[in-house]
Amino acid sequence: MIQDEDKIIIPPIKCQGIKTKLVSFIRQNIIRNDDGVWIEPFVGTGVVAFNIAPQRAILTDKNQYIIRLYQNIQNGLITPCVVRDFLQYHGEKLCRLGGEYYIEMRNAFNVNGDPLYFLFLNRSDFNGMIRFNKNGMFNVPFCQKKDRFSKAYITKICNQIAKVAAIMSGKDWSFICAPWQEAFTYATELDYIYIDPPYIGRDTSYVGEWPESEAIKLSEYAHSTPANVCLSMWKENEFRKNDHLFKYWADFTWHEQKHFYHIGAKEKNRHPMIEILAIKR
Ligand SMILES: C[S@@+](CC[C@H](N)C(=O)[O-])C[C@H]1O[C@@H](n2cnc3c(N)ncnc32)[C@H](O)[C@@H]1O
């Protein structure tokens with residue numbers, strides 16, 4: 001399906017709704033001016049930005065740990081060496097102590113907010129999920145593999161860190177922790193905004209609330225900004241149709257692709273989903 005899958009840059013973190021399998025499709029359909037800024041108000045793992053690799057980018061997300069991780073990779077505080085030492089040390093303890101140690105790390109992270117702890121948890125939790133409770137505490141359970149951080153797995157993560165650091169290097173990229181509205185305030189008509197918001201009508205507990213009112217506001221911003229806009233959103237599967245897409249994004253040009261979600265154990269996620277790229281102009 002994806003011809004250049006080998007060339008896809010895989011980021012060091014995972015999340016629900018990660019667009020790794022859709023990156024080629026996105027790249028094929030986006031026509032932009034490289035003098036403009038690539039703006040992503042819901043940057044998540046950054047997989048789309050890393051693969052588009054624009055010269056100038058504003059990448060925002062309300063998840064402060066993702067943003068701090070990437071800021072620290074960008075400013076050289078988090079390097080492949082730092083990550084290797086950290087994951088070897090804590091991975092060895094995880095191997096000896098198992099799930100109890102995962103919980104110890106999770107409790108420590110919920111106090112220190114350290115992006116390295118976030119990386120450790122994200123790469124050893126259940127399905128690479130990101131989820132916080134109402135009080136902002138990370139609450140994803142352990143993947144149950146004590147020997148999660150094998151030598152090969154640590155090397156893979158370190159290579160992913162090195163790769164994204166190399167892509168950002170020499171480029172004018174800003175990672176900002178902010179609500180999505182802020183990203184729109186930077187946009188001019190030269191710029192391109194790629195939006196991949198939380199899913200309406202599917203489990204959004206990993207990010208907190210994503211009510212319909214917020215989704216409608218996003219459509220209004222997307223229509224009124226001078227920038228071009230491309231939206232990623234699910235259209236339908238054999239059980240359901242996304243009414244919001246038909247109601248609020250019908251005037252954009254839709255490009256379709258079948259996508260199979262691997263993250264999440266829910267019954268509906270084991271079926272192919274039609275994904276849409278809706279482009280303003
Ligand atoms: C579907 S994910 C984006 C996935 C990303 N495109 C990728 O491939 O990794 C949605 C993202 O929106 C962020 N988010 C949720 N609500 C937000 C808000 N109100 N403002 C900014 N970001 C938000 C979440 O933290 C999450 O990273």
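Predicted model: local features only at pLDDT ≥ 70, side-chain atom pairs only at ≥ 80, totals over all residues.
Helix α6 spans residues 115-122 and is mostly covered. Eight of its eight residues are buried. They are P115, L116, Y117, F118, L119, F120, L121 and N122. Four helices pack against these buried residues: α3 (64-74), α4 (80-97), α5 (99-112) and α7 (151-168). The start of α6 carries a side-chain to backbone approach. There, a side-chain oxygen of D114 comes to within 2.8 Å of the backbone nitrogen of L116.

Y117 is one of the residues of helix α6. Its relative accessible area is 16%. Y117 is therefore buried, as the cut-off for that class is under 20%. Setting aside residues up to four places away in sequence, Y117 touches F86, H90, M105, A108, F109 and N112. F86 is 31 residues from Y117 along the chain. The C-alpha atoms of Y117 and F86 are separated by 8.9 Å.

H90, a contact of Y117, has its place in helix α4. H90 is buried as well, with a relative accessible area of 9%. Its side chain makes a polar contact with the side chain of Y101, at 2.7 Å. With residues up to four places away in sequence left out, H90 touches Y101, M105, Y117 and F120. Both Y117 and F120 are among the buried residues of α6.

H90 also belongs to the contact of α4 with α5. The axes of these two helices come within 6 Å. They cross at roughly 135°. At that angle, α4 is oblique to α5. From α4, the contact involves F86, H90, K93, L94 and L97. From α5, it involves G99, E100, Y101, Y102 and M105. By class, the residues of this contact divide into six nonpolar, two polar and two charged. F86, H90 and M105 from this contact also touch Y117.

Helix α3 is another of the helices that pack against the buried residues of α6. Within α3, the buried residues are Y65, I66, I67, L69, Y70, N72 and I73. Both helices and strands take part in covering them. Among these elements are the helices α2 (47-52), α5, α6 and α7, together with the strands β2 (56-61) and β3 (172-177). N63 caps the N-terminal end of α3. A side-chain oxygen of N63 lies 2.9 Å from the backbone nitrogen of Y65. Just after α3, G76 takes a positive phi of about 85°.

The packing of α3 with α7 was examined next. The axes of α3 and α7 are 9 Å apart, and the two helices pack at an angle of about 70°. This angle makes α3 roughly perpendicular to α7. The contact of α3 with α7 has six nonpolar residues, one polar residue and no charged residues. Y70, I73 and Q74 represent α3 in this contact. On the side of α7, they meet I161, V164, A165 and M168. Y70 and I73 are also among the buried residues of α3.

The loop between α6 and α7 contains N127. N127 counts as partly exposed, at 31% relative accessibility. N127 and P141 are 14 residues apart along the chain. Their C-alpha atoms are separated by 9.3 Å.

Cysteines were considered last. A disulfide is a covalent bond between the sulfur atoms of two cysteines. A search of the whole structure finds zero disulfides. C15 is in no disulfide. The nearest cysteine sulfur to that of C15 belongs to C177 and is 15 Å away. C15 is buried, with a relative accessible area of 10%. For C143, the closest cysteine sulfur is in C95, at 12 Å.

Definitions and conventions
Residues numbered from 1 in each chain as written. Heavy atoms only, no water. Buried < 20%, exposed > 50% of the residue type's maximum accessible area, 1.4 Å probe, protein only. Contact = heavy atoms within 4.5 Å. Polar contact = N/O pair within 3.5 Å; in protein donor to acceptor, adjacent residues only side chain to side chain. Axes fitted to C-alpha atoms, helices over the stretch in contact; angles between N-to-C directions. Parallel < 35°, antiparallel > 145°, perpendicular 65-115°, else oblique. Nonpolar A, V, L, I, M, F, W, Y, C, P; charged D, E, K, R; others polar. Disulfide = S-S within 2.5 Å.
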